[in-house]
Amino acid sequence: MKIYEKAPAKINLVLDALHKREDGFHEVEMIMTMVDLADRLEMEPLARDQIIISSQVGYIPLDAKNLAFQAAQLIKERYQVKQGVYIHLDKKIPVAAGLAGGSSDAAATLRGLNRLWNLNISEHELCELGAELGSDVPFCVTGGTALATGRGERLQPISIPPQCWVVLAKPPINVSTADVYGKFRVNKVEQHPSVQNMINALDSGSFTEMCDSLGNVLESVTLQLYPEVKQLKESMIRLGADGVLMSGSGPTVFGLVSKEAKLSRIYNGLRGFCKEVYVVRILT
């Protein structure tokens, strides 16, 4: 028996970081949604009590450093599963890109093993397990569009964005989320984005208002540390994307585009200096 799970990438329409918490994390308010760029996971039981992960790419760890491996280990230990599993990870989402690829793989592993081993774990419990693995994992368990608070693990479903194209571009650098948050200073933020404005835009289905409400306070850090991210954002605006923002801690920049006719110009313009460019849709 084989189980298949899709692990979509996420983008942040709004990312606001507030005060630092006692646990070392920042209190955040984020609006996240999923896009149709996804890893795919294939899982099957193993006769021996072992977790084995394979992938078609050579640049990701396949041991306990991998979040999917950690998710399998956690669910095995918590529910005392004495079976092994073989997981093949077909990797499409760029790594260390601000798109939650690793978190989405972990979430897909939790969902898949829940089915494979007939554990009947509720979605709420899967989210609680996910929170032990990373702040974005609970959102990746549920998917959709949500307001995330706390350190990102408290979720409230909200209206989905109006349908549009999303152009994702990742420069050839990796960015550490911990480094960016480590250099972030709340008192240096000149203007916090409005979560409420974005919720209102999504409720009304207004594409223009959604573009006007985009905001990410971590841009102030990442764009300063990595000039190529700033250049990428400026290029995407110049090429005609309707709304442009860095996702997460970066370095991926996304552009929201309402008219298909604009896509080839934006895509070709970005491919001139950035190899990893994707044209996708928001998942509804």
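Partly exposed means a relative accessible area between the buried limit, under 20%, and the exposed limit, over 50% (1.4 Å probe, protein chains only). This is a predicted model, in which local features need pLDDT of at least 70, side-chain atom pairs count only at pLDDT 80 or more, and totals for chains, interfaces and linings use all residues. Residues are numbered from 1 along each chain as its sequence is written, and side-chain values use heavy atoms, with hydrogens and water left out.

**View 1. Asp242 and Lys262 form a salt bridge.** A salt bridge is a side-chain nitrogen of Lys or Arg within 4 Å of a carboxyl oxygen of Asp or Glu. Here the closest N and O atoms are 2.8 Å apart. The pair links distant parts of the chain, 20 residues apart: Lys262 lies in the loop between β10 (253-257) and α10 (263-271), and Asp242 in the loop between α9 and β9 (243-246). Helices (H or I, at least four residues) and strands (E, at least two) are DSSP runs, numbered from the N terminus. Asp242 is partly exposed, at 31%. Lys262 is partly exposed too, at 27%.

**View 2. Lys230 pairs with Glu234.** Their salt bridge spans 3.2 Å, N to O. Both residues sit in helix α9 (residues 227-238); they are four residues apart, so about one helical turn separates them. Lys230 has a relative accessible area of 40%. Glu234 is also at 40%.

**View 3. Asp105 and Lys91 form a salt bridge.** The closest N and O atoms are 3.1 Å apart. Asp105 belongs to helix α2, while Lys91 lies in the loop between β4 (84-90) and α2, 14 residues away. Both Asp105 and Lys91 are buried.

**View 4. Salt bridges link Arg21, Asp23, Glu27 and Arg154 in a network.** The model has 15 salt bridges by this rule.

**View 5. Two arginines lie over aromatic rings.** A charge sits over a ring if NZ of Lys or CZ of Arg is within 6 Å of the ring centre and within 35 degrees of the ring normal. The charged end of Arg281 is 4.0 Å from the ring centre of Trp165. Arg151 lies over the face of Phe25, 5.0 Å from the ring centre.
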